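Keep the sequence and the model side by side.

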Amino acid sequence: MLLINGSPRANGNTSELVKRFLDNVGNKATVEEIRIFEKDIAGCKNCGSCQKNVLKDHCTIKDDMSGLYPKFLSSDIVVIASPIYMWQLTPCTLAFLNRLHCLCRSEDFSYNEMEGKRMALLITLGAEEEVADYAANGLRDFCEFFKIDYKGDLRIPFAKKERIASGEYDEKVKGFAKKILG
Ligand SMILES: Cc1cc2nc3c(=O)[nH]c(=O)nc-3n(C[C@H](O)[C@H](O)[C@H](O)COP(=O)(O)O)c2cc1C
């Protein structure tokens with residue numbers, strides 16, 4: 001399992017939720033967590049190269065994505081964790097997702113290395129949970145388009161690190177981990 005933590009805060013709400021989630025995954029999966037905010041990941045520049053040919057290094061941009069493609073490709077399950085920023089996933093999370101475009105020729109799907117993967121979303125946000133609809137629906141549509149098995153999202157509205165750490169959401173988190181691994 002690859003866990004993409006898209007929060008800029010290493011000790012914030014999302015990172016606490018990730019911790020609780022990984023506790024529940026336990027030894028049922030080998031997990032690598034990547035704190036994506038600390039990586040250098042440019043946005044896709046639409047050079048179009050990856051849509052014409054399968055590139056040896058996947059993308060023409062040389063940055064930290066080069067090391068992340070092999071991790072993504074070797075993971076059956078990819079969990080995205082992000083706070084909501086302006087109704088969306090964080091910019092670094094979106095940059096990561098944008099750069100997966102090279103793993104599929106989206107015109108004819110003759111090449112799609114994302115097909116069959118499992119994906120899920122962990123969200124924390126400051127407001128009520130419906131505010132995450134826009135971001136969550138975006139990832140759901142992304143998965144549908146790229147033929148990824150989307151396992152849904154877990155949202156912590158009005159998120160407070162102390163409440164997450166206290167175990168208040170543990171039943172919910174446990175059920176979600178089970179659903180993803182099952
Ligand atoms: C720049 C910025 C934009 C935000 N936008 C939203 C938003 O649109 N809706 C919302 O409910 N919370 C919003 N929040 C609150 C965060 O989603 C919330 O506090 C989250 O739990 C922070 O996670 P973190 O501790 O991992 O950084 C925003 C916070 C920041 C810093």
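A residue counts as buried if 20 or more other C-beta atoms lie within 10 Å of its own, as exposed if 12 or fewer do, and as partly exposed in between, with C-beta atoms placed from the backbone. Asn46 has 10 other C-beta atoms within 10 Å, so Asn46 is exposed. Asn46 is not a glycine, yet its phi is positive, about 55°. Its place is the loop between strand 2 and helix 2 (49-52). Helices (H or I, at least four residues) and strands (E, at least two) are DSSP runs, numbered from the N terminus.

The model is predicted: local features need pLDDT of at least 70, side-chain atom pairs count only at pLDDT 80 or more, and totals for chains, interfaces and linings use all residues. Residues are numbered from 1 along each chain as its sequence is written.

Phe158 also needs a look. Its phi is positive, about 45°, although Phe158 is not a glycine. Phe158 sits in the loop between strand 5 and helix 6 (161-165). It has 11 C-beta neighbours inside 10 Å and therefore counts as exposed.

Two strands pair if DSSP finds at least two bridges between them.

Strand 1 (residues 2-5) runs parallel to strand 2, joined by four bridges. Ile4 has Ile34 in strand 2 as its bridge partner.

Strand 4 (residues 118-124) and strand 5 (residues 149-156) pair in parallel over six bridges. Leu121 stands opposite Asp153 in strand 5.

Finish at the ligand. How many residues surround it? There are 17, and the closest are Gly12, Thr14, Pro83, Gly126 and Ala127. A residue is near a molecule if its C-beta atom, placed from the backbone, lies within 6 Å of it. Helix 1 (residues 13-25) gives the most to this shell, with three residues.
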